[in-house]
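Subject: Structure for your review

Dear colleague,

Please find the structure below. I would be grateful if you would read the notes that follow alongside it.

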Amino acid sequence: LNEAGQQPTADNKIYKKIKEELGVTFKFEFLAGDKNQKLGVMIAGGDYPDLISADTKLTAAGSVIPLEDLIEEHAPNLKKHYEKYWNQMKDPNDGHIYYLPNYGAYNGEVADTYYSGPAFWIQKAVLKEFGYPTPKTLDEYFDLIAKYKEKYPTIDGKPTVGFEVLNYDWKNWGLLNPPQHL
């Protein structure tokens, strides 16, 4: 319901497997037009699909049922999967669980290796060269780069660039409080 999309192809392996194992088939209906209008028509008519994207309007209208008892009775593996998030999944208005999040519930510990925020980055080669120090001040950071550049004035036949920063328009803000980003 949430947005426009495409029907899965007839040879989709996942849906074929679901049909084989469970005897269940899917017919997708994608949003065409205004989401709120579509929800209003569904709620007014009481005509809902078997599966639907989460929306607080459906919960407020009493259009979805609480799931926690069903999960506890019939789906112990789901309960185990969502165990760390169980209380966060509860609707703040009545304490029931109406939807199962399909993103953000992980098994094991999450060790995210992606960082997209501002920082003063440094090449691993520079750190390795000097025994993996941990610069804690801007002076230490730039001294490390200067020593590396002095030792290696060229890399692959080109002059070594010691420090470079995107400084266009508002993107200079990392330079406005360098200690925060080091």
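What volume does the largest pocket have? The largest pocket has a volume of about 1200 Å³. A pocket here is an open set of points on a 1 Å grid over the protein atoms alone, where a 1.4 Å probe fits, with protein on both sides within 12 Å along at least five of seven lines; lining residues have an atom within 4 Å of a point. A volume is the space filled by probe spheres set on the points, which are joined across faces, edges and corners.

The model is predicted: local features need pLDDT of at least 70 and side-chain atom pairs pLDDT 80 or more, while totals for chains, interfaces and linings use all residues. Residues are numbered from 1 along each chain, and side-chain values use heavy atoms, without hydrogens and water.

The lining of the largest pocket comprises 33 residues, and P49, D50, L51, I52 and S53 lie nearest its centre. Two or more lining residues come from each of α1 and α2 (35-45); helices are DSSP runs of H or I with at least four residues, numbered from the N terminus.

Helix α1 (residues 13-22) lies largely in the open, because zero of its ten residues are buried (under 20% relative accessible area, 1.4 Å probe, protein chains only). Just after α1, G23 has a positive phi of about 70 degrees.

The second largest pocket has a volume of about 680 Å³. Its lining has 27 residues, and α7 (138-151) gives the largest share, four residues.

Technical notes. Buried means under 20% relative accessible area, exposed over 50%, partly exposed in between (1.4 Å probe, protein chains only).
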